[in-house]
Every structure is written in structure tokens, then in C-alpha cells.
Amino acid sequence: MLDIRSKLSDMYSLEQLASKQTFLHNLHPVCKILVTFVYILCVISFPIHNIHSLMPYVFYPMLVMAIADIPFSMIMKRALIALPFCLFAGISNIIFEPQIVTLGNFTIGMGWLSCFAILIRSFLTICAILILVAITPFPYLMDGLRQLHIPNVLVLLFEMTYRYISVLLDETSIMLTSYRLRYPGMNWPIIKDFGPFIGQLFVRSFQRAQRVYAAMQCRLYALENRKPLTVKWKNKDTIFICVISLLCIIFRFVDVTTILGGIVC
């Protein structure tokens, strides 16, 4: 039970970082969303085998984590969790692209090159999203999406899914505790009990979610009557979005890595 509750605490630890008061935390949420979108768009727009041109894009997560006082290990640990899933997407390239290319004094298969490129792109984009969550309080993040005219249904779905994960994990924790008390020495349900366990878990979670939503309605919760949060767009928001977006676009169309390498050599 404590293991699941600790995982729940880890899941929301990024949101707790959003309560800090730094330059980046105080930016308008729409500004931070647009900067993240431009950054991700530039990263994924490179050709599949282009790796060295992605190196300058490391500047954004490093810069933001330093300014916003975000623990480097916290972002890295969460970003690395998703890489094994991205690896499965790149393994097929190793099989279907057996051609060999020469890079300087090294030779490498085209499939391996594209696989590494997929992992690097995934790592950078995941870091950008995690940093956005770490510097933007969740209500302001959702309000920023609404101000960008993202359909309310999608925003509400994302908002409720994020909030109700805690309900699901809490019910899992309670049921696991009951199961372990009934079967001492068993940490997880055995195969024959796993199906009923999952079914009962979803039934209990759904019922509890209905009670939570009913309580929200009793407190006059209504999406269509929701007023936007009062955050004003300032000059620093314009400067930040222009500077970071311009750098991302420059790195996309100018081979900065090759230029710097030529200067150093």
C-alpha cells in the first residue's frame, strides 16, 4: 500500500514544483505552451537520420531547469521511463535499414542511426513536456489550452483523466491491502484472481469517481460557466516567446553544430 501511495506522490511531485515563484513560473501559461509547441515542432521536423543537428536543442531543457530551479534528476528519471517504449519503435529500423554509412572515422548502420535519432527526439520532447508541467500550475495549464481554443471536450477529458488517476491508484492500494491480509505472503493477485481483481477495481473506481463528480456538481461545478483565470500578458512574455522561438528556428535551418565544430577545430 505504501509503495502505491509513494508512486502517487511521485506522480504529482512535478505539479508541486509549479508553485515556485521564478521568472519562468510567472510567465503567461499560453506563452509557455506556445514555446513548448515550437520547440517540439522543430525537434521532430529534422530528417530521420539527422542526429548531430539535434544537439543544440539540449540548450532549452538545461536553461529552463537552471532558471526555474527544477531538479535535474527528477526530469531525467521520468523522461528515461518512456525511452524503452520509444526503443520498440526504433528497433524495426535496425532490421529494415541494413545499409552502412561512414561518419568520420566510424561506420554505422542506417537503422542504428535512425533508432538513435528516434530516442534523442523522444527524450527531448518528453523533457520539454515535463518541464512545462513543472513550471505551470495545472489549472493555469488547462486554462491556457482553453485560451488557445483547444476544444473543451478534449481539455476536460485530459483534466479529469489526470485527476482521477489518483482515485484509481487509491482504490488499487485499498484492494491490494485487503488481498494481502487475506492471503499472507502474496504481494500481487495470482493469475486466477487477476481477472476478478481488475474488474472489481474498475467498478469501485467508477463508483467512487461518480461520487466525486456528484460532489463537484453540488459545489456548482460547470465547465461552460467557468471563468478564465486572471493572468495578464506582459512584455516579458513577448520577449521570451520571441527569443526562444527564434533560436529554435535558427537551429532548425542553420547547422550550428558544424559551424561551431569548424571554429573549434
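**Ground rules**

I am working on a predicted model, where local features need pLDDT of at least 70, side-chain atom pairs count only at pLDDT 80 or more, and totals for chains, interfaces and linings use all residues. Residues are numbered from 1 along each chain as its sequence is written, and side-chain values use heavy atoms, with hydrogens and water left out.

**Overview**

I looked up the elements and found eleven helices and two strands. They are DSSP runs numbered from the N terminus: helices are H or I with at least four residues, strands are E with at least two. Their order from the N terminus is α-α-α-α-α-β-β-α-α-α-α-α-α.

Next came burial: of the 265 residues, 39% count as buried. Buried means under 20% relative accessible area with a 1.4 Å probe and protein chains only; exposed is over 50%, and partly exposed lies in between.

I also checked contacts, meaning heavy atoms within 4.5 Å. Among those with a separation of 6 or more, 78% are between residues 24 or more positions apart.

**Back to the pocket**

My grid has 1 Å spacing over the protein atoms alone; a pocket is an open set of points with protein on both sides within 12 Å along at least five of seven lines, a cavity is a set where a 1.4 Å probe fits but cannot get out, and lining residues have an atom within 4 Å of a point. Points are joined across faces, edges and corners, and a volume is the space filled by probe spheres set on them.

The second largest pocket comes to about 210 Å³. Helix H8 (152-182) and helix H9 (191-218) each supply at least two residues of its lining. I sorted that lining into five nonpolar, two polar and two charged residues. For the classes, Ala, Val, Leu, Ile, Met, Phe, Trp, Tyr, Cys and Pro are nonpolar, Asp, Glu, Lys and Arg are charged, and the others, Gly among them, are polar.

While in helix H8, I looked at Leu176. Leu176 counts as buried because its relative accessibility is 1%. Its C-alpha atom is separated by 7.1 Å from that of Trp188, twelve residues apart along the chain.

**The cavity**

I found one cavity of 30 Å³ or more.

**The core**

A nonpolar core here is a set of buried Ala, Val, Leu, Ile, Met, Phe, Trp, Tyr and Cys residues joined through side-chain atoms within 4.5 Å. The largest has 37 residues, of which Tyr39, Tyr57, Tyr60, Ile70 and Ile75 touch the most other members. H6 contributes the largest share of this core, eight residues. Leaving out residues up to four places away in sequence, I saw Tyr39 touch Tyr57, Tyr60, Pro61, Leu124, Ala128 and Cys248.

**His25**

Where is His25? I placed His25 in the loop between H2 and H3. His25 is buried, because its relative accessible area is 7%. Its side chain makes a polar contact of 2.5 Å with that of Thr22. Such a contact is a pair of N or O atoms within 3.5 Å; within protein, one must be able to donate a hydrogen and the other to accept it, and residues adjacent in sequence count only if both atoms are side-chain atoms.
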